[in-house]
Number of protein chains: 2
Amino acid sequence: MRTDTIPEEQLDRVFHALSDRTRRALVRNLSEAQGTVTALAEPFDMSLNAVSKHLKVLEGAGLIERHNSGRTSVCSLNTASLETAQVWLDQYTEFWNEMLDSFGDHMKRKTDSAAIPPKARK
Amino acid sequence: MRTDTIPEEQLDRVFHALSDRTRRALVRNLSEAQGTVTALAEPFDMSLNAVSKHLKVLEGAGLIERHNSGRTSVCSLNTASLETAQVWLDQYTEFWNEMLDSFGDHMKRKTDSAAIPPKARK
DNA sequence: ATTATTCTCAACCGATTGGTTGAATGTATA
DNA sequence: TATACATTCAACCAATCGGTTGAGAATAAT
């Protein structure tokens, strides 16, 4: 379990990339099979150029990787970057914490449960 | 564990809300203690109006709730909406799936591991 | 060699974003 | 009542966003 701080810039990019439903659909499709830009663009009612730009945003966020082979560019999902967002969210929800507790695993518990809340941060 | 589909509009709003670092800082601060608009705005080098607008975005995404008391508006975090994003991410990462497997819990496994990937969706 | 395919770059467009300022509203307090 | 405080509304601004079109570069096929 990662506990170090994730750079704000990366979180900006990852959450922004996932805030568009076309890009989320691309992530979903890429989770099932990798594909070329043309193949990935096929299901959408927009130009190839638009999808190409969406893929660039996903790449900028580290959510996909490209493997250029000849004139085609094969994209594949990078789940590690998805976990960046996941880890951030896990800090503020009890969902998985409770599940871990139910298995008797307390490694995620804070040792000091201070009554005084930490200072607000900018 | 939820398996139904989350409305795209809500995912749009939640991920967009979290794509701004000021709003993420507000979420973090609210995870430690609820606060008024003025109190929440204090750590930031921007106008009160700007923070008020950020809180409105968070509220629109269902990430915070308000309790109006007199002339002050007390904001508090709604972790259920954070879980909306969390559940979406969990569909595409192996992180927690592997952890569940390690506990011998296979409820997240697909019964049919088809070799043919499902059709791409728009 | 010519033609077709895959993909990106550049310019452009309207809409939205994150910020500002100033006025307005409602609520405490002196 | 008059005044200070907490918050929002409205207008504005530059920057970014998601889309378009058209041109161009590189590769594959005929």
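## Helix packing in chain A

In this predicted model, helix H1 (residues 8-18) of chain A packs against helix H5 (residues 79-90) of chain A at an angle of about 100°, and their axes are 10 Å apart. Axes are lines fitted to C-alpha atoms, for helices over the stretch in contact, and angles run from 0 to 180 degrees between N-to-C directions. H1(A) and H5(A) are therefore roughly perpendicular to each other (65 to 115 degrees).

On the H1(A) side the contact (heavy atoms within 4.5 Å) is made by A:Gln10, A:Leu11, A:Val14, A:Phe15 and A:Leu18. H5(A) contributes A:Ser81, A:Leu82, A:Thr84, A:Ala85, A:Trp88 and A:Leu89. By class, this contact has 8 nonpolar, 3 polar and no charged residues. Ala, Val, Leu, Ile, Met, Phe, Trp, Tyr, Cys and Pro count as nonpolar, Asp, Glu, Lys and Arg as charged, and the others, Gly among them, as polar.

Sugar and phosphate make up 60% of the DNA strand D atoms that come within 4 Å of the protein. The surface has 4 nonpolar, 11 polar and 7 charged residues.

## Phosphate contacts

Polar side-chain atoms lie by phosphate oxygens of DNA strand D at 2.8 Å for A:Arg23, 2.7 Å for B:Ser52 and 2.9 Å for B:Arg66.

## Conventions

Residues are numbered from 1 along each chain as its sequence is written, and chains are lettered from A and ligands numbered from 1 in the order in which they are written. Local features need pLDDT of at least 70, side-chain atom pairs count only at pLDDT 80 or more, totals for chains, interfaces and linings use all residues, and side-chain values use heavy atoms, with hydrogens and water left out.

Technical notes
Near = heavy atom within 4 Å. Polar contact = N/O pair within 3.5 Å; in protein donor to acceptor, adjacent residues only side chain to side chain. Helix = DSSP H or I, 4+ residues; strand = E, 2+ residues; numbered from the N terminus. Parallel < 35°, antiparallel > 145°, perpendicular 65-115°, else oblique.
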